[in-house]
Amino acid sequence: MMVEPTAGRCAGAAQGKISGMPEDTGVSPSLRELARRHGVASEYTDWTGRPVQVPETTLISVLDALGIAAAGDDDRSQALADHERDHWARDLPPTIVGRSGTATPFWVHVTHGDPARLWLRLEDGSVRTGVRQLENNRPPYDLDGRLVGEATFELPADLPAGYHRLYLQVGSSDVSTAVIVAPDRVERPVPLATGRAWGLSTQLYSVRSRHSWGLGDLSDLADLAVWSAARHGAGFLLVNPLHAGAPVAPMEPSPYLPTSRRFVNPVYLRVEAVPEYAHVRHRSRIRKAQAQVQARAKRATEIDRDRVWKAKRAALEALYSVTVSAGRTIAYQAYRERQGRSLDDFATWCVLAEHHGPDWHRWPQALQHPNTDEVAAFAEEHATEVDFHRWLQWLADEQLSGAQDAAMRAGMELGIMHDLAVGVDPDGADAWALQDVLALGVTAGAPPDEFNQLGQDWSQPPWRPDRLADAAYEPFRAVVRAALRHAGGVRIDHIIGLFRLWWIPKGASPTEGTYVAYDHEAMIGIVALEAQRAGALVVGEDLGTVEPWAREYLRDRGLCGTSILWFETDHDGSPLPADRWREHCLSAVTTHDLPPTAGYLAGEHVRLRDRLGLLTRPAEEELARDRAHQDAWMAELRRVGLLADGDDEVDRVVSALHRYLGRTPSRLLSLSLADAVGEVRTQNQPGTVDEYPNWRIPLADSRGRQVLVEDIVDDPRVGELCEAMRAAVAPRG
């Protein structure tokens, strides 16, 4: 198709004004405009509804992390001119994102008056034409003496969902760009299209069995899924992020601060489930090591990942030396080919970390980027060590697949629902391998809210929105694809971070950050596309400060939200009646950032924050507010007939709260395994690192006695709560 470029406004080139930004904020106009063009908020509304102006120092630091010098007026003027020039210097947008069933406009830049030829190569290799030109009356731009014209076209509405490529030919030169066509909405798996399901949520590491190695593993995951499905009709099992951690001590305890989101932590492997275990010599030594680790775990008050990994690694090294069958050799080679360069980079980083420490910023300069000759030479010199870490990931992939297969065979509608963390350790494998698409000099976090009044700094480097678009979002696509590989669903932690994310300059407090916008149409579109291909359901954790339109957008795209009972309040702060809860969401009584329900009822979340100095109001005031809030919920339970007058026995209250979930229209209901066994202690206290043993609490009952998988399956209290959840999702007559 031959077209003449015409003038007109570039579809999508100009960025919309950030909601709520005033005309006069005290920030210089040039800095405010520069921030606007790069999606950086100059002002936002906090959790109390108060407008907050972002300091100039924050804006300058955040723009610097985006590669924009903005310290002085001359810098800002130059940056604004560069932004305009860079736009016109591009022949095509870095990535074009559209939806199935909708025509997608885009711009093209060519020398004014020159013809252009456009065509598409679809993901399946076929070629499509039929790109229609639209009216565009934008004047040409003088780019170093060359007049550049802008034309607007649109992709046809009938393009299939997938990853395609658009080609532009001008004269004898060819350029191309990525085209991502996402489904308009994610269709729910057939069993859930009209029905409801309940499932357990668990922090897997905290739930060991008699045969695991001091912490819960992937065989325990399969057993929990089979038990909850076969005996109690559970439709899914939501598990904490199983992302990879650094293979050296001290191991990071937080599953939400992984070294990589693309790979799995091999600490979760069940050694005896590896086929090579049957042929290894000296199995008695492995069994002895396992028994020693279990004995220590039985006596310990905290989970010792370092000791567990040291023992497991030695056993796995023995298994690695076993000669495998021809079939397994081929399967391993196929896995390596599927994972490609990303697996090689991850395994190489692991060995580098073992030799030089887990912080790649402290390595010799030549090793601080994966693409150097020195890194290639190191990988070749340590080929066996690198291959060992690749092999561990293959084993984890096999055992994850086995857990999902077992769950589905037991009757689950979805099976395992994995959890995708917000980001990664700044010193870890993904930060090293993907450093070119991450923002340096800032960390991701959250502004203050009611439960974290000092804000949160997660210490994680955020994606750079511009670099993601330049890379056709491939790094993000790989992360989502990995989370869905052996899953019937995925929970995306802080999904609002795919719309806007709180960036904090390094060295600043969480209160001194600001929001940076992302192309949510692209980010959510990729999630929808990958979920459709996996036949999986997506749950977005959309708690905290969220603009209402964002929740509506997620619902319209077929993604579920999250409702936590304690946070579901009406406009006057009273409990939101069950019939007004959202339908398309996963509802639960509590979350891992709060104590289990028994501890919450006792006010443990207030007392703990007081002890740790995390409150901004007096503890007595917080306790009084919390007691009033709980009293309101007790009154609501009595109003609907789930709790008798004067009955405040903890187990009955816990049961009533979970049965209340069944009164809501929510499609997915979740029961925390910690609630089921009567645990009181929280797994994580936001705003702390070592002040509290976050993510190191072994599962225990109300008396503090450790609970094993074998205890859970025959516990009458657990069984009663599970049956209450089964009844809650049963069809209503």
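Six cavities of 30 Å³ or more are present in this structure. By cavity I mean, on a 1 Å grid over the protein atoms alone, a set of points where a 1.4 Å probe fits but cannot get out, and lining residues have an atom within 4 Å of a point. Points are joined across faces, edges and corners, and a volume is the space filled by probe spheres set on them.

The model is predicted: local features need pLDDT of at least 70, side-chain atom pairs count only at pLDDT 80 or more, and totals for chains, interfaces and linings use all residues. Numbering runs from 1 along each chain as its sequence is written, and side-chain values use heavy atoms, with hydrogens and water left out.

The largest cavity holds about 490 Å³ of space. It has 35 lining residues, and closest to its centre are Ser-201, Gln-203, Thr-591, His-592 and Ser-672. Elements giving two or more residues to this lining include strand S13 (197-202), strand S26 (668-672) and helix H19 (673-677). H19 gives the most, three residues. Helices here are DSSP runs (H or I, at least four residues), as are strands (E, at least two), numbered from the N terminus.

By class, that lining has 15 nonpolar, 14 polar and six charged residues. Ala, Val, Leu, Ile, Met, Phe, Trp, Tyr, Cys and Pro count as nonpolar, Asp, Glu, Lys and Arg as charged, and the others, Gly among them, as polar.

Next, the second largest cavity, at about 270 Å³. Of its 25 lining residues, Arg-261, Ala-421, Val-422, Gly-423 and Trp-463 lie nearest the centre. Helices H10 (429-433) and H12 (474-484) each give two or more residues to it.

Key
1 Å grid on protein atoms, 1.4 Å probe; cavity = no way out; pocket = protein on both sides within 12 Å on 5 of 7 lines; lining within 4 Å.
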